[in-house]
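Dear colleague,

Please find below the structure for your work. The findings follow directly after it.

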Amino acid sequence: MPSAVVVGSGPNGLACAATLASRGVEVTVIEAEGEIGGGTQSAELTEQGLLHDVCSATHPMAVSSPAVIAPGLELERHGLEWAWSEVDLAHPLDGGGGGTMLRSLEATAAGLGAAGKRWRQVFGPPSQSYDTLTEDIYHPLIHFPRHPLRLARFGLPAALPATVLGGRLGTPEAAALFAGVAAHSYSRLDLPLSSAIGMALVCSGHAYGWPVAKGGSVALANAWASVIREHGGRIETGRRVRSLDELPGADAVVLDLTPRGVLEVAGEKLPSRVARSYRRYKYGPGAFKLDLAVQDGVPWTMEAARRAGTVHVGGSLEEVAAAEAEVNRGRMPQRPFILVGQQYLADPGRSRGDLHPVWAYAHVPSGYGGDATGVILDQIERFAPGFRERIVAQTATTTAEIEARNANFVGGDILGGANTPLQTMLRPRIHPVPYWTGIPGVFICSAATPPGAGAHGINGFNAAEAALRTL
Ligand SMILES: Cc1cc2nc3c(=O)[nH]c(=O)nc-3n(C[C@H](O)[C@H](O)[C@H](O)COP(=O)(O)OP(=O)(O)OC[C@H]3O[C@@H](n4cnc5c(N)ncnc54)[C@H](O)[C@@H]3O)c2cc1C
């Protein structure tokens, strides 16, 4: 029986290990921290009985991920249950209006008024063919496209700066709605390709919605761990790997680490050209997280935001673009872009009566050492007057604390690497099999590989396929 060791138990490490185990490989997972899951953990961070997601909250790409649905994995058999809020995403603007995205393309277009027709034209075709499109966009860029025409229909708008594509939608509401989704890339929105991640998230949203995992994102980690154990795999926690030499003998090693981590553990074993690429790999801005216990929820002025699982707080397209430009220059904006999660709307079991867990984080410069609590509260209060009075408890997590809990989040970069135009397309280096480190039998599977960040496990699944080809 072939064997593999996976270092790191984030969603990609676990997805990789579960895929290998389900294909007959004897698997051992080694995790540095006391808990498995990396970016898929949940805990009572404010008040007893209030369940918060520590990192990832919403799962637009996990729901259709091969690492979740492929034969042999089928995480729903292992306790994973999706839950959808009535409104997937709201983006409030000053004055009480804003943009709303629903799973239904038609209902979204209808709600966007004059911009509805354009929204349908841009996002309709790739949303409707999302499942075939993923046969291309979930894979490394260097491959023969399986569906070239569909890919082109997606790729042409995706190549535009988000400020251009957003501006073309025709109304301030639609422009802001798209800018907020594009800002998940943490990139400057005036650069080419800054629409790519926004396009993928809008299209997956219209295909599958933006669900949360019932019982918290940890349900994903637990389900992958259950697949691994079902096949006799082992998971060891509390052991930080410092060198490849200390690993048990195995036919393949897969590292759920970013290039910096791979450089640390592989050292001189990496071919010099790969080491050079990994050293050049860029990390992006950071996150400052704020978890809140809020009595009766956030009193958003915009009615749809009160029913939305995710709320993007940042104002107009211009304002979001300016805030993203600032954090990419290493400067803290006065009004940063903030993501607010109200997962309890889809999954009421996370609340205690009318006291609700609210999850929020601001985009801040890499390694930001200040306290962003005040600006986060000010930004939310701007669109939800009276919000501050409802806060019963709060817990802030700085960029340094985020990195201390997970070495992959360098400087608080929760995406495992900057989405520069080059790294959006080709990461962590230019190679047809970017999962291979250049050392025979050693692979990298983290968010630093295609298709990039997210708690969907696709990178881990692809890396497992690459490893299986050599076993
Ligand atoms: C605040 C926040 C909000 C987010 N929101 C979302 C969201 O809503 N939706 C979404 O899809 N994504 C979200 N993300 C991003 C998502 O969590 C990451 O993209 C995802 O976790 C990356 O998975 P990974 O497996 O590549 O690495 P990680 O999840 O970072 O896991 C890496 C694991 O490797 C371990 N490790 C590191 N070094 C070593 C070592 N030397 N030895 C052993 N183990 C090691 C770490 O402890 C960690 O457990 C969010 C992240 C954060 C922090």
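In what order do the 5 strands of the open sheet with parallel pairing stand? The order is 9-2-1-10-16. Strands here (E, at least two residues), like helices (H or I, at least four), are DSSP runs numbered from the N terminus, and two strands pair if DSSP finds at least two bridges between them.

This is a predicted model, in which local features need pLDDT of at least 70 and side-chain atom pairs count only at pLDDT 80 or more, while totals for chains, interfaces and linings use all residues. Residues are numbered from 1 along each chain as its sequence is written, and side-chain values use heavy atoms, with hydrogens and water left out.

Strand 10 (residues 252-255) is joined to strand 16 by 3 bridges in the parallel sense; Leu255 has Ile444 of strand 16 as its bridge partner.

A further open sheet has 7 strands in the order 7-6-12-13-14-11-15, with mixed pairing. Strand 7 (98-101) and strand 15 (391-397) each have a single partner strand, so one side of each is left without a neighbour in the sheet. From one strand to the next, the twist averages 20°. Strand 13 (residues 338-341) and strand 14 (residues 355-364) run antiparallel and are joined by 4 bridges, with Ile338 opposite Ala362 of strand 14.

Helix packing and the cores

Helix 8 (residues 172-182) and helix 9 (residues 196-208) have axes that come within 7 Å and cross at roughly 105°. Axes are lines fitted to C-alpha atoms, for helices over the stretch in contact, and angles run from 0 to 180 degrees between N-to-C directions. The two helices, helix 8 and helix 9, are therefore roughly perpendicular to each other (under 35 degrees would be roughly parallel, over 145 roughly antiparallel, 65 to 115 is roughly perpendicular and the rest oblique). Phe178, Val181 and Ala182 of helix 8 make the contact with Gly198, Met199, Leu201 and Val202 of helix 9, where contact means heavy atoms within 4.5 Å.

Phe178 also belongs to the largest nonpolar core, which has 92 residues. A nonpolar core is a set of buried Ala, Val, Leu, Ile, Met, Phe, Trp, Tyr and Cys residues joined through side-chain atoms within 4.5 Å; buried means under 20% relative accessible area, exposed over 50%, and partly exposed in between (1.4 Å probe, protein chains only). Leu20, Leu80, Trp119, Phe123, Phe178 and Trp224 touch the most other members. Helix 10 (residues 218-230) gives the most to this core, with 8 residues. A second, separate core of 29 residues includes Leu292, Val313, Ala372 and Leu377.

Backbone points to note

Most residues other than glycine have a negative phi, and most peptide bonds are trans. The peptide bond from Arg427 to Pro428 is cis, with omega near 0°, and Pro428 is in the loop between helix 16 (421-425) and strand 16. Pro450 and Pro451 are also joined by a cis peptide bond, with omega about 5°.

Glu74 has a positive phi of about 35° and is partly exposed, at 35% relative accessible area. Asp296 has a phi near 65° and lies in the loop between strand 11 (286-295) and strand 12 (308-313); at 47% relative accessibility, Asp296 is partly exposed.

With kind regards
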